[in-house]
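Hi there,

Here is the structure I promised to pass on. My notes on it follow below.

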Amino acid sequence: MTILVLAIFLGIEVISKVPTMLHTPLMSGTNAIHGIVIVGAILVAGTADDGFTKIVGFVAVVLAAANVVGGFVVTDRMLQMFRRREPRRGPHDE
Amino acid sequence: MGRTTSDALYLVTIVTFILALRFLSSPKHARKGNWIGAAGMTLAIVVTLAHRGLGNYLLIGIAMAIGAAVGAVGARTVKMTAMPQMVALFNGVGGGAAALIALVEFHDFAGGLSTVIATSTVLSALIGSVSFSGSLVAFAKLQELVSGRPIVFRGQQVVNGLIILAAVVLGITIAAGGAEQWMIYGLVAAAFVFGIMFVLPIGGADMPVVISLLNAFTGLAASATGFVLHNNVLIVSGALVGASGTLLTLLMGKAMNRSVTNVLFGAFGQVQAGAASVRVDDGRTVRATSPDDVAVMLSYARKVIVVPGYGLAVAQAQHDVRQLAELLEEKGVEVAYAIHPVAGRMPGHMNVLLAEANVPYDQLKEMDEINPEFPQTDVALVIGANDVTNPAARADTSSPIYGMPILDVDRAASVVVMKRSMNPGFAGIDNELYLDAKTTMLFGDAKESVVKLIAAVKSL
């Protein structure tokens, strides 16, 4: 319980320093972080011993893995686009 | 792997997540932060796989491969304008996973759970399920698979009340030691339906607020799962996301001048209908202009501020706008972009869209920074933005958007508004700005207009 409260405070503290400019990546970044449920999904899938728990555990791992990978990749795609003025034309210019 | 070792490594993961968020305070380091977070996540997965007594590795491997492939392909192919839906979707699957974990745990240990664990299981199932179905509806609305308008029907309140009642009764029964399997299914089903009912009545414009809230929900669901499984990394990371999601939701509400309760429970569009019909007819008229005239204005200006809105994103005109800005800069005009906190479809969305078009981020100015610059600006070029430039928010106490922070474009020496038609924006109200004597309107599709402008500027 103590850690829960500490984590909440820390979350508020860290987020309040993020500029509006980066709020969309922030949303998708935190989105990727709650993909940590994959840890729980692996634990239940790994200890499943009957058909029902295996199937449900399997689906849980699929969903959580999509959350993790999708979340981080999409955040990275957004962040790589933010660049400064100096290089007038980036290498990926269309 | 022993408990102490895995706990220590999980702690490393938590630290990487905090760093990832911390690095998001500047676009310079943000990308690195994201990678650090991803590395931490990988570490947590490896540590978990090394847990003693774990089996079914083939099953887990296949599941992870499928999930990762789907996630990666989705994330790589999504258009930047569709980002809000994508976030909603990834959020939903995370919530779904949390609900399923609760299902399995209950299936295995029903009856033998302590009150704390049973309560956490209930919360994980409940919140995860609401987040799952709610996010799917949000996705469908933003993707326009379902109408973006608020969907309301008679007796909705009653139905919602009954569903909540059912969920609460079931939840309390389980927490108190109820061990029948159907109870948890009933709980998940009720929460699932509630998620749908909760998001359906909310309009498309408010969806980002909802997504942010659901994001916080999924975080809390993950945290509850952590209590169920005695896993600190889940508890802490979930709480981190829960807290940040909640804060972000409140910030968004503030930028839109709405309380979060109002977004969730008041159908905004309906309130507006009355206000919109009141039109002051004082003889002022809207003046239309041509691309050539605007090109001259822009080319001989000292300072131009571009105010992009969602209309620009819809027309996919970001690249053309950047080209126009570069042309003007070559002529010695100072160009900046004024970004309203809720420009685009979610906070910061416009920044992402402009960054995609290679607009350097130091040219993007936030509202508080740019507003004092409007009085020294020759031309404010408003492209597809409406409500965020409406001076009524400052002056007209009877206006429904009164008090909303706006971009002070009306303080520039002249204003050019590029817009499809005179239709009002999201808030459904007329914009005083268009009747102002120093405002001219350039009607048409944003992309076509900008292309014409570029040609006109070049030929000068």
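This is a predicted model: local features need pLDDT of at least 70, side-chain atom pairs count only at pLDDT 80 or more; totals for chains, interfaces and linings use all residues.

Residues are numbered from 1 along each chain as its sequence is written, chains are lettered from A and ligands numbered from 1 in the order in which they are written, and side-chain values use heavy atoms, with hydrogens and water left out.

**The interface**

Helix 1 (2-15), helix 2 (23-33), helix 3 (37-46) and helix 4 (51-79) of chain A each supply at least two residues of the side that touches chain B. Helix 4 of chain A gives the most, with 27 residues. Helices (H or I, at least four residues) and strands (E, at least two) are DSSP runs, numbered from the N terminus. In total, 80 residues from chain A and 105 residues from chain B take part in the contact (heavy atoms within 4.5 Å).

About 8500 Å² is buried between the two chains, and carbon and sulfur atoms give 74% of that. Buried area is the accessible area (1.4 Å probe) that two parts lose on being put together, summed over both. On the chain A side, Met21(A), Met27(A) and Arg77(A) lose the most area to chain B, together 9% of what that side buries.

**Salt bridges**

The rule (a side-chain nitrogen of Lys or Arg within 4 Å of a carboxyl oxygen of Asp or Glu) finds one salt bridge across the interface. Arg31(B) pairs with Asp76(A), with the closest N and O atoms 2.7 Å apart. Over all chains the count comes to 13.

Within chain B, Glu373(B) and Lys303(B) form a salt bridge (2.6 Å, N to O). This pair links distant parts of the chain, 70 residues apart: Glu373(B) is in the loop between helix 16 (367-370) and strand 4, and Lys303(B) is in strand 1.

**The sheet in chain B**

Chain B has an open sheet of six strands in the order 3-2-1-4-5-6, with parallel pairing (two strands pair if DSSP finds at least two bridges between them). Strand 3 (364-366) and strand 6 (439-443) of chain B each have a single partner strand, so one side of each is left without a neighbour in the sheet.

Best wishes
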